[in-house]
Amino acid sequence: MEFLPSLEFAQSLDQQDQLKNFRNRFIIPEADGKQLVYFLGNSLGLQPKSANDYMQRILQDWASLGVESFFHAKEPWMDYHDKLTGTLATVVGARPAEVVVMNQLTVNLHLMLVSFYRPTAKRFRIICEAKAFPSDQYAFETHVRHHGFDPAEAVIEVSPREGEFTLRTEDILSTIDQYGHETALVLFGGINYYTGQAFDMQAIAAAANKAGARVGFDLAHAAGNIPLRLHDWNIDFACWCSYKYLNGGPGAIGGVFVHEKNFAEDLPRFAGWWGYDKPTRFKMDKGFKPMQGAEGWQLSTPPFLMYATLRASLEIVEQAGWDAIQSKGRLLNDYLWFMLKGVNDTVDPPAIQFITPSTAKDRGCQVSMLMKRRGREIYNYLMQHDFMVDWREPDVIRLAPAPLYNTFEEVWRFTDALEKAIGFDGYIA
Ligand SMILES: *Cc1c(COP(=O)(O)O)cnc(C)c1O
């Protein structure tokens, strides 16, 4: 599509937007009665209005039926999990039995490492991205030590080349090629949280499979953001959190994918009663018998109040349609890039260095901008003018317009404010 830099053009895109009414399904933060421009859906997605209703239903069941709610509530708690996995399976490109909703991301990462990081003296390495999210780094380090290996030797980090910010796929693949025969696990983010780079998951999985290593992904910034085909890409496992692009609420209950090819194998795992074969769980027998599928990794009674908020959000995804959400996400962000480049072209030398790759297939909703001058002041100016974006040391502004509730006009107003902030010659506290 041919974009124009005018406000009228942005407004016309909003008018044509098939998802425009879905913004009303969310509570948009306000200051002094005015809606803020919220571009932080990559940190904490906004609250669906229906989240409160669904939580109230659980509270009312609890009040009126007590423990009987598990089986006799209007929507029995025992079956609540099944209301979540269908939509999630669509979002991550999995069969429903391959998806389970449980725990939180870091916990799930540990549980998956128990099953899929099985180092031997010959194959003990983990290949990952340099500067992965800290939780991921700590998980790798502590599992490696737990098995009696040295993280400095076992963890191979693929780094950007000198002077570059993002990884080249060829460098990832050649590292897998080089260390493959000694590698137990290849684990990358789907999208790096800092740079916004989307990795070529299909190519990484193919290389890992060829090398005879297990392969997993941390999809914190990818689930609900970009198209995923976890089953077809032949990935062993993946984990994600649901509070970023999936709008499941602060500390939302996380998700896990386990490829069905792994179901037959009796994988080692840390077990709990909630993962026990469902029909006979309440016999409380000795000897762990896992449920078939990804649900067999569950440990504990789920937090139903958190199921409720996630359900509210997934229902919106279902109604909007995952394909329509992705189409709008791409258009919204292509437009953002067009406008940002326009702003940068008005100043010489350029004020912004884009860390996120500009090619559409290598990114999702997020843009990370390294500000060349007065970064913190520009960030302060934006926050003072009702734009909620994210600041990362040193000098990086991150923003992520989300297709379900952000508009083209908001993108226009943001870039207009950014241009004013860059051109402003006073001091902005
Ligand atoms: C957000 C994020 C996390 C957070 O993990 P929690 O256990 O949900 O706190 C972990 N890994 C990555 C890559 C993330 O982006």
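Helices (H or I, at least four residues) and strands (E, at least two) are DSSP runs, numbered from the N terminus. The model is predicted: local features need pLDDT of at least 70, side-chain atom pairs count only at pLDDT 80 or more, and totals for chains, interfaces and linings use all residues. Residues are numbered from 1 along each chain as its sequence is written, and side-chain values use heavy atoms, with hydrogens and water left out.

**View 1. Overall fold of the protein chain.** The protein chain holds 13 helices and 17 strands. Its radius of gyration (taken over C-alpha atoms) is 23 Å, close to the 22 Å of the globule rule for 429 residues, so the chain is as compact as a globular protein of that length; the rule is 2.2 Å times the number of residues to the power 0.38. Of the 429 residues, 56% count as buried, that is, under 20% relative accessible area (1.4 Å probe, protein chains only).

**View 2. Nonpolar surface patch.** F71, W273, F282 and M284 form this patch, with about 450 Å² of accessible area together (Shrake-Rupley method, 1.4 Å probe; for residues, only the protein chains shown count as cover). Patch residues have over 30% relative accessible area and no salt bridge, nonpolar side chains being joined within 5 Å; a salt bridge is a side-chain nitrogen of Lys or Arg within 4 Å of a carboxyl oxygen of Asp or Glu. F282 lies in the loop between strand 12 (255-258) and helix 10 (304-320).

**View 3. P134 in helix 6.** P134 is found in helix 6 (residues 134-146). At 30% relative accessibility, P134 counts as partly exposed, the class between buried and exposed (over 50%).

Terms used:
Patches are made of residues with over 30% relative accessible area and no salt bridge: like charges are joined within 9 Å, nonpolar side chains (Val, Leu, Ile, Met, Phe, Trp, Tyr) within 5 Å.
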